[in-house]
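Subject: Structure for your review

Dear colleague,

Please find below the structure that I am handing over to you. I would be grateful if you could look through it alongside the notes that come after it.

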Amino acid sequence: MKILAIETSCDETSIALLECRGGLKSPKFKVLKNIVSSQIPIHRPFGGVVPNLAKREHIKNLPLVLRQVFKSKVPGRAGKSQKLKVDYIAVTVGPGLEPALWTGINFAEALANKLKKLLIGVNHMEGHLYSNWLPLKQQKTTDKRQQTTIKFPAIALIVSGGHTILLHMTSITKWTKLGETLDDAAGEAFDKVARMLNLPYPGGPEIQKLAAKGNPKAIKFPRPMLNKPGYEFSFSGLKTSVLYYLRDHQSLRPTTYDLRPDIAASFQQAVVDVLIKKTVRAAKEYKAKSILLCGGVSANKALRETLRTTAYELRTNFIVPDFEFNTDNAAMIAAAAYINLLQKNKKRLKIEAQGNLNLGDQDTN
Ligand code: KG4
Ligand code: ZN
């Protein structure tokens, strides 16, 4: 079955074409195309995503990206370009910026009407979750810590710009939410701290770069909620601590500038410590056989490598998607649409922008 998916929830215009097969026990995906057109340079001067600019850019980019999907060659089929042959169309309906979501929905609806195909609405957070089922390109067979099999029960940590969610999964379609953030999401904290350090948007990759030059033990930033029972997260206090630290060291200017690598490294370490400690605690409590990591912040090297080693020591399989599928992309939306189609009892999502759509507990098959 071929699924064409469209993702426009934030600042990436993405369309993917996936070949999907297999049942819920072992769904298999071949990513024929996954084109992502990033708007980062357009939003950068504003220090964050401007919804109406995002909308305008999506409207402009969607037809161009679609043409790219079907014009360019498909791997393994030398010389042949892809015909517009798909079985289903999928589109992100939320959560995200509503003006941006609507552009993808309107485009997908028109395409589905034209091709006379069923349109499937997808929850963006399920997309991130199911990115863990996408095939891995660079399988490091020499790395003993590299695992590809997802066994249940599993603990999934979804960390993006808008969400920080910890799930306990007993199967691919059954989970309970153990906790989420009470305030800022992990990615949001990266972005806000980056802004304080005069780094461009999006802040995550910039902090990571700067942190590589700093000492993660230099400054003792708080680890919010670390020793509290439960699985809730909170990052706004940590962000405020960075702000106070900067304020208290203003007198050291222009030396403040030189402190930035240590601030970035110490801040990143605080976020990583909290995320990993809670994930490991959940993995132990629920006797998890796998730990899944996904969402834009899963691109963070310190986070993925520390969690990979920790999971290996726990004898728990560790799965994290290839970098291409960490930040927003339509391949994960196609994967989620397929897994949704396989669930006969799952209620279909309304085809309309749902900015605050959440990821509740789920128990379907
Ligand atoms: O999943 P995503 O692409 O979009 C949302 O659904 O929100 O996540 C974007 C977030 C941004 O906050 C960005 O700063 C963060 O992911 N991010 C990172 C890294 N790459 C992206 N955070 C930390 N380290 C990174 N390398
Ligand atoms: Zn996302």
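This is a predicted model: local features need pLDDT of at least 70, side-chain atom pairs count only at pLDDT 80 or more; totals for chains, interfaces and linings use all residues.

The domain assignment of the protein chain gives two parts: domain 1 covers 2-134 together with 326-363, and domain 2 covers 154-320. Their C-alpha centres are 27 Å apart. To the contact, domain 1 contributes 26 residues and domain 2 contributes 28 residues.

Between domain 1 and domain 2, an area of about 2,300 Å² is buried, and carbon and sulfur atoms account for 63% of that area.

Separately, D363 is found in a salt bridge with K174, where the closest N and O atoms are 3.7 Å apart. There are also 13 residue pairs in polar contact between domain 1 and domain 2, with both residues at pLDDT 80 or more.

On the side of domain 1 that touches domain 2, α4 (124-130) and β11 (362-363) each supply at least two residues. The element that gives the most to this side is α4, with five residues. Sorted by class, this side of domain 1 has eleven nonpolar, ten polar and five charged residues.

With kind regards

Conventions: Residues are numbered from 1 along each chain as its sequence is written. Chains are lettered from A and ligands numbered from 1 in the order in which they are written. Side-chain values use heavy atoms; hydrogens and water are left out. Domain bounds come from an automatic or database domain assignment. Contact means heavy atoms within 4.5 Å. Buried area is the accessible area (1.4 Å probe) that two parts lose on being put together, summed over both. A salt bridge is a side-chain nitrogen of Lys or Arg within 4 Å of a carboxyl oxygen of Asp or Glu. A polar contact is a pair of N or O atoms within 3.5 Å; within protein, one must be able to donate a hydrogen and the other to accept it, and residues adjacent in sequence count only if both atoms are side-chain atoms. Helices (H or I, at least four residues) and strands (E, at least two) are DSSP runs, numbered from the N terminus. Ala, Val, Leu, Ile, Met, Phe, Trp, Tyr, Cys and Pro count as nonpolar, Asp, Glu, Lys and Arg as charged, and the others, Gly among them, as polar.
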